Amino acid sequence: MSETGGVRAVKSAARTVELLELLAARGDRPVRLQELADELGVPRSSMYALLQTLIGRGWVRTDVTGSLYGIGIHALLTGTSYLDSDPRVRLVRPYLDEASEALGETIHLGRLDGRSVAYLATRESHEYLRTISRVGRRLPAHAGALGKALLAQRPDEELPEGPYEALTPHSHTGRESLRADLAEVRARGYSVDREEGVLGIVGFGFALRYDTPAQDAVSCSVPVARLTPEHEERIVAVMREIRAKIETTATGTATRAAPGFGGAVDWR
């Protein structure tokens with residue numbers, strides 16, 4: 001049994017978390033009992049008992065036949081609580097509004113989570129509306145502006161060997177290619193994602209340096225068809241200013257707050 005911080009992991013708890021993460025990652029693609037048992041290496045009877053327990057508590061849902069399973073509504077309630085209680089998300093939200101108003105483009109706040117970036121807040125452009133919100137979703141860190149801005153805050157030795165997942169023909173798939181890009185990010189002061197995560201979309205990412213290394217970043221996404229050199233220059237200027245405002249406010253808030261950031265617990 002593995003250990004975390006010197007304490008033995010609880011096998012049943014670990015299995016429950018793995019199941020919920022698997023269901024969450026599948027999104028709108030429900031899965032059958034046997035697939036779940038095979039994926040997690042759990043006996044079918046044990047998996048069925050676990051699913052029934054979680055269904056009863058709202059963490060898992062099933063269809064009318066009882067043969068397909070997906071993530072339940074309590075996952076949403078818990079995720080919403082996370083966003084509402086996080087002092088950094090609360091601090092950044094007004095500045096996302098300001099950037100959205102100034103640029104008329106889509107603005108994101110994301111946080112590094114292992115090798116991916118989790119979207120914590122989004123202000124959608126009125127010109128380019130997504131049918132599905134990105135909040136709560138993840139994107140590989142190597143394939144987007146948010147992730148590359150945060151990876152550039154870390155030594156290249158921490159990069160996985162690869163090969164990396166190709167989300168589009170423009171995605172980095174090799175370590176050396178990504179390292180060269182991150183060197184440019186450090187020299188420039190922000191990242192650029194030219195259709196690496198989504199075809200037709202260019203992103204500009206700015207790490208928020210109120211943590212060392214930075215855990216959060218903001219970005220501006222714009223369709224290629226609307227991206228002129230003049231518009232790109234304005235996006236960079238506005239987002240630099242937004243980052244400076246966020247970092248200044250975060251520093252002042254942390255200085256005044258007790259015992260933690262924003263007067264709340266300073267979460268690790």
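**Confidence, sheet and one buried leucine**

Mentor: Begin with pLDDT, the predictor's confidence in each residue, from 0 to 100. The mean pLDDT of this protein is 86, and 88% of its residues reach 70 or more. Over residues 255-263 the pLDDT is below 50; beyond near neighbours in sequence, that stretch has 13 contacts in the model, a contact being heavy atoms within 4.5 Å. The model is predicted, and local features need pLDDT of at least 70, side-chain atom pairs count only at pLDDT 80 or more, while totals for chains, interfaces and linings use all residues. Residues are numbered from 1 along each chain as its sequence is written, and side-chain values use heavy atoms, with hydrogens and water left out.

Trainee: How many helices and strands does the protein have?

Mentor: Helices (H or I, at least four residues) and strands (E, at least two) are DSSP runs, numbered from the N terminus. Here there are 8 helices and 11 strands.

Trainee: What is the order of the strands in the open sheet?

Mentor: Strands of a sheet pair through backbone hydrogen bonds, either parallel or antiparallel. Two strands count as paired if DSSP finds at least two bridges between them. In this open sheet the 6 strands follow the order E8-E7-E6-E11-E10-E9, with antiparallel pairing. Strand E8 (138-140) and strand E9 (191-194) each have a single partner strand, so one side of each is left without a neighbour in the sheet. From one strand to the next the twist averages 30°.

Trainee: How many bridges join strand E6 to strand E7?

Mentor: There are 7 bridges between E6 (residues 106-113) and E7 (residues 116-123), which run antiparallel. Arginine 111 stands opposite alanine 118 in E7.

Trainee: Which strands does helix H5 lie across?

Mentor: Angles run from 0 to 180 degrees between N-to-C directions, and axes are lines fitted to C-alpha atoms, for helices over the stretch in contact. Helix H5 (residues 87-103) lies across E6, E7, strand E10 (201-208) and strand E11 (216-223), at about 150° to E6.

Trainee: Is leucine 146 buried or exposed?

Mentor: Buried means under 20% relative accessible area, exposed over 50%, partly exposed in between (1.4 Å probe, protein chains only). Leucine 146, in helix H6 (residues 145-151), has a relative accessible area of 3% and is therefore buried. Leaving aside neighbours within four places in sequence, leucine 146 is in contact with His108, Gly110, Val117, Tyr119, Ala217, Val218 and Ser219. Of the protein's 268 residues, 43% count as buried.
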